[in-house]
Amino acid sequence: VTRLVAPELAVYAQQVPGYTTLIDDSLHEMSTLLAAPHLDQAEWNERVHTYVILTRDANAGLTSLVTPVQLVDAHYTLLFSTANCVEATRSAALGIEQLDAGRLYQAAFQMQSCTTALRSAQANLNELVLQVSSVPAPVVVEPAPFVILPSALPPVAPIFSAPLPISCDPA
């Protein structure tokens, strides 16, 4: 017996965690970098900007997903939290550009707050996906495979000694 899950639900449930994990990891790394800013170091700036881009791209990916109808509300909650995360990265980028330590501090605080909201939204979405996928779905009873039992076969395959007709001769 196989439980059928709507294909769009399966695809959605598979893709969302990749995006949210990327956002979460990027914000964690960026927060670590912002805790000890090195605005005068090109490598530090490049790493922060890389995490800004990763966060924005992952948010764009989430925004473009086809969302199953049953998950639309939870998806919007998730998008709201990731939009706040993108805003936090924007604050960080502006803080770097303007050499504004206060804005960097604000960005780090925003990142902490949106990461908490992101994790909560992801947990709620995971719970809903489980509920939706456990709703009784059409059940398909798979037939048993057709098997020829060895006892039904002759002990030795017959040998044909007659020559092939000319029309079948490969030579």
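Reader: Hi! Which residues touch the most other members of the largest nonpolar core?
Author: Those are Met30, Leu34, Met111 and Leu125, out of 32 residues in that core. Keep in mind that this is a predicted model.

Reader: Thanks! Which elements give two or more residues to this core?
Author: Helix H1 (7-35), helix H2 (42-64), helix H3 (72-97) and helix H4 (101-133) do. H4 provides the largest share, nine residues.

Reader: Let's stay with methionine 30. What is it in contact with, leaving aside neighbours within four places in sequence?
Author: Methionine 30 is in contact with Val48, Tyr51, Val52, Thr55, Thr89, Ala92 and Met111. Met111 is also one of the core residues that touch the most other members.

Reader: Nice. Now the helices: at what angle do H1 and H3 pack?
Author: The angle is about 25°, and the axes are 11 Å apart. Angles under 35 degrees count as roughly parallel, so H1 is roughly parallel to H3.

Reader: And is the crossing left-handed or right-handed?
Author: H1 passes H3 in a left-handed crossing.

Reader: Which residues make the contact?
Author: From H1 they are Tyr12, Val16, Thr20, Ile23, Leu27, Met30 and Leu34. H3 brings His75, Leu78, Thr82, Cys85, Thr89 and Ala92.

Reader: How many of those are nonpolar, polar or charged?
Author: The contact of H1 with H3 has nine nonpolar residues, four polar ones and no charged ones.

Reader: Switching topic, where does aspartate 40 lie?
Author: Aspartate 40 sits in the loop between H1 and H2.

Reader: Is that residue buried or exposed, going by its relative accessibility?
Author: Aspartate 40 counts as exposed, because its relative accessibility is 72% and the cut-off for exposed is over 50%.

Reader: What separation do the C-alpha atoms of aspartate 40 and leucine 99 have?
Author: They are separated by 9.4 Å, although the two residues are 59 residues apart along the chain.

Reader: Let's zoom out. How many helices and strands are there in the protein chain?
Author: The protein chain has four helices and two strands. Along the sequence they follow the pattern β-α-α-α-α-β.

Reader: What share of the protein chain do buried residues make up?
Author: Of the 171 residues, 30% are buried.

Reader: Last one! Of the contacts between residues at least 6 apart in sequence, what share join residues at least 24 apart?
Author: In the protein chain, 75% of those contacts join residues at least 24 apart.

Definitions and conventions
Residues numbered from 1 in each chain as written. Predicted model: local features only at pLDDT ≥ 70, side-chain atom pairs only at ≥ 80, totals over all residues. Heavy atoms only, no water. Core = buried A, V, L, I, M, F, W, Y, C linked by side-chain atoms within 4.5 Å. Buried < 20%, exposed > 50% of the residue type's maximum accessible area, 1.4 Å probe, protein only. Contact = heavy atoms within 4.5 Å. Axes fitted to C-alpha atoms, helices over the stretch in contact; angles between N-to-C directions. Parallel < 35°, antiparallel > 145°, perpendicular 65-115°, else oblique. Left-handed = near helix turned anticlockwise from the far one by under 90°. Nonpolar A, V, L, I, M, F, W, Y, C, P; charged D, E, K, R; others polar.
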